[in-house]
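Here is a short tour for a first look. Take in the chain below, then read on.

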Amino acid sequence: MTNNWTDIKNADVVWIMGGNAAEAHPCGFKWVTEAKAERGAKLMVVDPRFTRSAAVSDHYAPIRAGSDIAFLSGVINYLLTNDKIQREYVKNYTNISYIVKEGFGFNEGLFTGYDESKRTYDRSSWEYEIGPDGFAVRDETLAHPRCVYQLMKKHYAQYTPETVERVSGTPKDKFLKVCEMAASTATGDRSMTIMYALGWTQHSHGAQNIRSAAMIQLLLGNIGVPGGGINALRGHANVQGITDIGTLTASLPGYLAMPTDSEPTLESHLGKRTFKPLQANQTSYWQNYRKFYVSFLKSLYGEKATKENEFGYQWMPKLDVAYDVLRMFEVMHQGKTTGLLCQGFNPLMSVAYKAKTVAALSKLKFLVSMDPIETDTVRFWENHGEFNDVDPSKIQTEVFMLPVTSFVEEDGSFTNSSRNIQWKWKAADPYGESRRDIEILADLYLRLKKLYEKDGGKGAEPFLAVDWNYKDPTHPSSEEVLKELNGKALVDLKDAEGKVTRAAGSQLASFGEMRDDGSTDGVQWIYTGIYGPNGNMAQRRDNSDPSGMNVYGSWGFCWPANRRILYNRASADPQGKPWSDAKKYVYWNGERWTGADVPDFVPTIPPERGTGPFIMNPEGVSRLFARGFMADGPLPVHYEPFESPVTNPLFPKVRGNPVARVFKGDMEVFGSAKDFPIVGTTYRLVEHFHYWTKSVHMNAVAQPEFFVEISEQLAKEKGIRPGQMVRVWSNRGQVKGKAVVTKRLVPLKIDGKTVHQVGLPLNFGFIGETKKASPVNSLTPAVGDANAQTPEFKAFLVDIEPIPGPVA
Amino acid sequence: MRHSEVAPGDSVHPGDPVVVDRYTTGARINHWITAASLVLLALSGLALFHPSLFFLSGLFGGGSTTRMIHPWIGVILFFSFLGLFLRFWKLNLWERTDNVWMGRLRDVLTAHDENLPEVGKYNAGQKMVFWSMSLLILVLITSGIVIWDQYFSEYFSIEQKRIAVLIHAITAIVAICVWIVHVYAAIWVRGTISAMTRGRVTGGWAWRHHRRWLKELVTGRP
Amino acid sequence: MFPPIPNPTTQATPAKFGEADLIRRSASNITPAAKRQTEVAKLIDVSKCIGCKACQVACLEWNDLREEVGVNVGLYENPHDLTPNTWTLMRYTEYENPESGNLEWLIRKDGCMHCADPGCLKACPAPGAIVQYSNGIVDFVKANCIGCGYCVKGCPFNIPRISKVDHKAYKCTLCSDRVAVGQGPACQKACPTQAIVFGTKDEMKKWADKRIADLKSRGFKNAGLYDPPGVSGTHVMYVLQHADKPQIYAGLANNPTISPIVELWKGLTKYAGLTAIGAFAAFGLLHHIVSGPNRVSDEDEKNAKRLAQGRS
């Protein structure tokens with residue numbers, strides 16, 4: 001989230017799309033109801049289903065799953081053609097006036113530079129024109145045909161309300177109402193928040209869904225302002241934390257990058273990422289990348305990391321490719337993986353295309369599961385009839401289950417969607433023989449270390465180089481780890497005058513103190529300050545709101561630097577004055593930046609210097625035109641899901657995202673609209689938490705059995721009665737469940753054709769207290785987003801039929 | 001032609017006094033089971049009917065057991081009364097003379113039996129007790145099943161149960177009143193009780209109250 | 001935001017109300033204390049409810065109830081009805097608003113309404129099995145319940161359920177144990193959107209006014225408070241978008257009253273019945289005193305003898 005949960009209360013319009021906050025984030029959703037009740041905010045929901053969020057909305061518009069970009073592009077077109085943009089904001093805080101290099105183009109669904117054989121783009125033409133001063137060229141009049149504004153006008157012209165209706169199925173009047181409600185916030189005294197979740201990410205074009213929304217917010221001037229923002233609602237209590245800590249193979253803690261094969265030296269790695277400003281007087285904060293990176297290496301290798309050995313850079317593994325979950329299981333499926341350690345991971349349920357997952361797991365030598373509960377994955381080899389129809393005699397994988405404590409049985413922290421890190425205290429003793437994850441990993445590390453010390457072997461050196469510095473090496477405490485994430489001074493840190501600003505051994509108060517000479521450490525720069533000289537800030541529980549702007553600055557700690565709204569300099573105009581009194585947040589008081597929040601800006605840089613509010617970007621402004629930072633194009637394009645009931649009505653030659661992640665074998669099991677005319681979409685239910693709570697009795701009581709949501713029209717067409725068993729199948733598998741026939745789903749007219757959608761809740765499996773069911777990812781296709789490789793769980797093709805069985 | 005007023009087992013034994021067999025052992029056992037059930041039902045029912053009588057539930061081991069046991073006694077009553085019904089229904093059929101008897105209720109109450117027509121085995125009052133009890137018990141068992149939640153709660157709507165509970169209550173009141181009449185009559189008309197205790201009455205009793213029945217017993221002719 | 005009720009202390013707290021605060025006790029005559037407690041109420045704002053069932057689960061948790069894992073019958077409701085273990089239940093209605101043409105998903109939390117004039121209590125024959133405190137809470141006292149099911153017939157909202165296991169009646173207690181120590185009910189505590197708030201009845205009515213004004217501003221011109229006068233008001237109230245049509249909210253009673261049949265049963269019948277029984281008994285007694293026993297005379301015996309001899 002750019003903004004904060006509590007900040008939603010400052011919104012005048014709340015737009016939920018690509019998510020169902022009431023269903024999946026009921027606690028956070030309270031801030032939506034607060035905004036509605038306390039300031040009369042309007043809520044609009046766009047979703048294939050009339051959801052629980054829609055139940056309390058002021059406006060609902062249906063949409064075909066997987067057509068979000070067409071819809072959002074339609075909104076952008078509406079804003080541009082009706083001039084419903086916050087001009088001063090857009091001109092000063094986005095790259096709308098930037099001129100794009102000659103040679104850039106977009107034709108019939110493809111940008112310049114596409115290589116069909118490799119399914120990748122050469123993105124070199126997606127760049128600004130650079131002037132003789134080394135800075136990007138701009139045209140403040142926005143008249144230049146290659147300026148971003150003109151490119152956008154051209155790019156979006158075809159997304160008319162009629163086109164949106166044709167592609168997304170949203171009735172024109174409902175679509176226009178969304179546009180109008182959004183446009184009402186282009187004024188500076190009103191703001192809109194956009195809340196989304198996996199309904200936008202789990203597509204072959206997921207990242208571009210979100211970019212489209214971010215662009216809308218930039219055009220409306222809603223980024224960096226209270227009640228605004230583009231707000232990703234994370235799906236687990238600590239999934240933001242797990243992202244921050246860099247568990248994806250290509251990233252390191254704090255969104256630093258994993259070294260790759262093409263970066264043989266530390267300098268070659270840092271050089272690529274230490275961006276020089278593209279405009280005069282810009283902060284370009286990533287210039288500090290090297291300080292964070294070296295501090296990270298110092299934490300990892302301790303005293304062994306020296307300037308001479310590039311701080312241990314050579315011990316770091318170098319990636320050939322990113323091992324996202326799709327590739328991981330593809331490699332495993334090819335029989336190239338020996339063992340898999342699942343830590344709080346139930347891939348049988350959560351990875352697309354279950355049949356392939358089972359086949360892949362069957363090829364492992366061993367599988368280890370660290371989990372508080374028994375997962376479906378550890379029983380993948382067991383025959384559960386039609387729900388998991390395997391032959392155990394054919395599977396040789398040895399499975400180990402290591403019971404771990406649940407979150408309530410240990411101290412630690414949770415990082416929530418709005419980056420707020422809150423400490424939680426152990427509430428119960430561990431159950432049975434369970435141990436904390438960290439203890440199991442420490443034990444594993446120490447045992448392997450002993451083996452390496454004794455026997456040596458491949459990889460011994462990097463393994464033994466790791467600094468393992470805990471009071472009790474077998475039981476590192478969560479507190480110690482948090483301190484380690486924060487970082488400390490390794491020697492006395494001095495300012496330019498030689499005064500000691502931070503004594504050796506003391507915790508750093510902010511990442512601004514980090515240095516690239518090895519004199520500081522710190523695993524996760526963005527968290528620095530959480531455990532500074534004043535102790536564990538995550539434990540703070542002061543719910544005072546001194547500004548009255550719903551900023552609870554003394555509650556927990558918000559990364560970075562306890563900042564509650566990112567880019568909050570943008571809440572003031574270029575002169576430093578708030579856009580309006582209603583949205584007064586961070587402003588220039590004549591001497592420094594001040595206000596309700598920690599300014600996301602160097603507090604002493606006066607407005608006159610023209611430093612942009614988007615300090616992470618070398619331009620100092622945000623990007624409507626993404627340059628080469630997106631794999632699938634600098635501007636979003638409507639592509640169909642890989643399984644879609646229609647060909648791309650806009651670009652017939654390019655159906656799906658041309659650079660989406662898809663492996664050969666997976667490509668061949670896509671189904672066609674001829675055989676599978678119905679759109680399937682998956683989601684979770686409020687009664688359950690993923691695949692966990694099906695093992696919890698009371699949750700099972702609240703929602704006991706897998707079901708399939710279908711419209712009354714489809715029920716009639718197929719002769720399905722409410723409560724009847726139905727079979728849903730795709731080209732990859734089938735599931736069976738009870739039919740929930742509802743008015744909340746309606747067939748849509750797509751490109752002249754009636755398209756039905758069915759809803760498939762994902763929480764049910766064959767282990768637990770709920771009735772046994774086949775996991776819904778028996779159906780889902782293995783195709784990933786071009787940028788994030790997130791699988792396309794939200795839009796695929798199925799068919800449905802009633803089957804005999806108990807009619808409830 | 002008149003039908004016989006004599007039931008199997010009825011017979012007359014000359015002597016001093018004359019003794020007349022009125023009820024067989026089976027009939028008497030049947031009667032007393034019915035009587036006991038009815039009394040227990042009245043007590044337990046009244047306990048649940050009016051708060052001031054809730055203390056009666058103590059006789060049955062408390063409110064819960066009262067609630068549990070009452071319907072089962074009802075079942076016993078029903079079948080037991082069914083036995084009586086099958087035994088006695090024929091002799092309780094209404095006759096013209098019963099109307100005459102009813103018309104002279106004042107003589108009945110003032111014990112001027114001499115002004116009443118000769119009565120067979122049952123007089124009109126007894127017949128009315130018989131038929132009203134038959135009807136009331138049928139209504140009670142039917143409405144009772146509707147409100148017997150332990151086994152039948154799913155089969156009836158709440159509205160049906162409300163009606164049933166009201167009917168059950170009113171019917172029970174009427175039944176208790178009929179029962180009072182029945183018991184009082186047995187006490188008031190001296191010599192009656194032995195009919196149900198020992199099965200016999202004196203000839204004088206039969207002469208006074210059921211002369212036609214006695215005559216048929218003696219003469220063998222209805 | 002309605003000011004949240006602060007968490008309790010860890011110290012033992014004396015109960016704020018008890019036996020002495022009863023204003024009604026089933027099948028008993030009591031004299032209520034002169035000093036009344038402030039009336040409390042739970043306000044359920046249907047327009048804020050997202051149907052998450054947190055209240056349902058909180059109720060199970062707090063009251064230590066174990067419901068069975070059921071099946072799906074083609075609906076979101078689970079369980080499918082109130083049970084002796086499920087004292088509160090989310091009921092979902094898909095309503096097509098004929099005026100706006102919009103679909104509305106009306107989600108109502110069903111459970112005991114804690115009527116000011118409770119039909120269950122009126123119907124109950126067991127002394128002290130159902131009690132009403134002067135703060136408005138209507139509570140079932142398990143120890144006194146005899147499981148007759150009369151409360152089910154008395155209730156205008158179809159709320160009490162009789163357990164097949166212990167044959168006792170169960171329903172929402174408004175968490176009288178929590179309220180007694182200054183807490184709100186468990187469902188209210190668990191509600192993430194403040195669709196359930198708890199406080200004094202006056203506060204709740206005032207809060208409802210604010211909510212109704214908001215709903216009216218959003219086009220729900222019939223928004224209103226459900227506090228039905230037919231049962232002299234309730235201590236669980238609803239804010240409804242369509243207060244003119246309570247029935248559309250999964251059959252919420254339009255104008256609930258204690259059934260006239262129940263009134264007749266527990267009113268006239270009760271008194272008239274005992275009077276009738278008394279009258280019959282008294283008549284018998286009087287008759288016996290006045291006219292004495294109807295004895296068989298010696299003459300009768302002689303006549304009988306003659307008759308019998310005549311035969312032989």
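Predicted model: local features only at pLDDT ≥ 70, side-chain atom pairs only at ≥ 80, totals over all residues.

Strand 15 of chain A runs antiparallel to strand 16 (residues 420-424) of chain A, and four bridges join them. Look at Phe414(A): its bridge partner in strand 16 of chain A is Gln422(A).

## Three domains

Chain A is divided into three parts: domain 1 (1-118 + 141-235 + 564-638), domain 2 (336-414 + 424-463) and domain 3 (661-802).

Between domain 1 and domain 3 of chain A, the C-alpha centres lie 30 Å apart. Contact involves 25 residues of domain 1 of chain A and 29 residues of domain 3 of chain A. On the domain 1 side, helix 1 (21-24), helix 9 (198-201) and helix 10 (206-219) of chain A each give two or more residues. That side of domain 1 of chain A has nine nonpolar, 10 polar and six charged residues.

## A helix pair

Helix 4 (residues 68-81) and helix 7 (residues 161-168) of chain A pack with their axes 9 Å apart, at an angle of about 170°. The angle makes helix 4 of chain A roughly antiparallel to helix 7 of chain A.

Helix 4 of chain A brings Ala70(A), Phe71(A) and Gly74(A) to the contact. Helix 7 of chain A brings Pro161(A), Thr163(A), Val164(A), Val167(A) and Ser168(A). By class, this contact between helix 4 and helix 7 of chain A has five nonpolar residues, three polar and no charged ones.

Conventions. Residues numbered from 1 in each chain as written. Chains lettered and ligands numbered in written order. Domains from an automatic or database assignment. Contact = placed C-beta atoms within 7 Å. Nonpolar A, V, L, I, M, F, W, Y, C, P; charged D, E, K, R; others polar. Axes fitted to C-alpha atoms, helices over the stretch in contact; angles between N-to-C directions. Parallel < 35°, antiparallel > 145°, perpendicular 65-115°, else oblique. Pairing = 2+ DSSP bridges.
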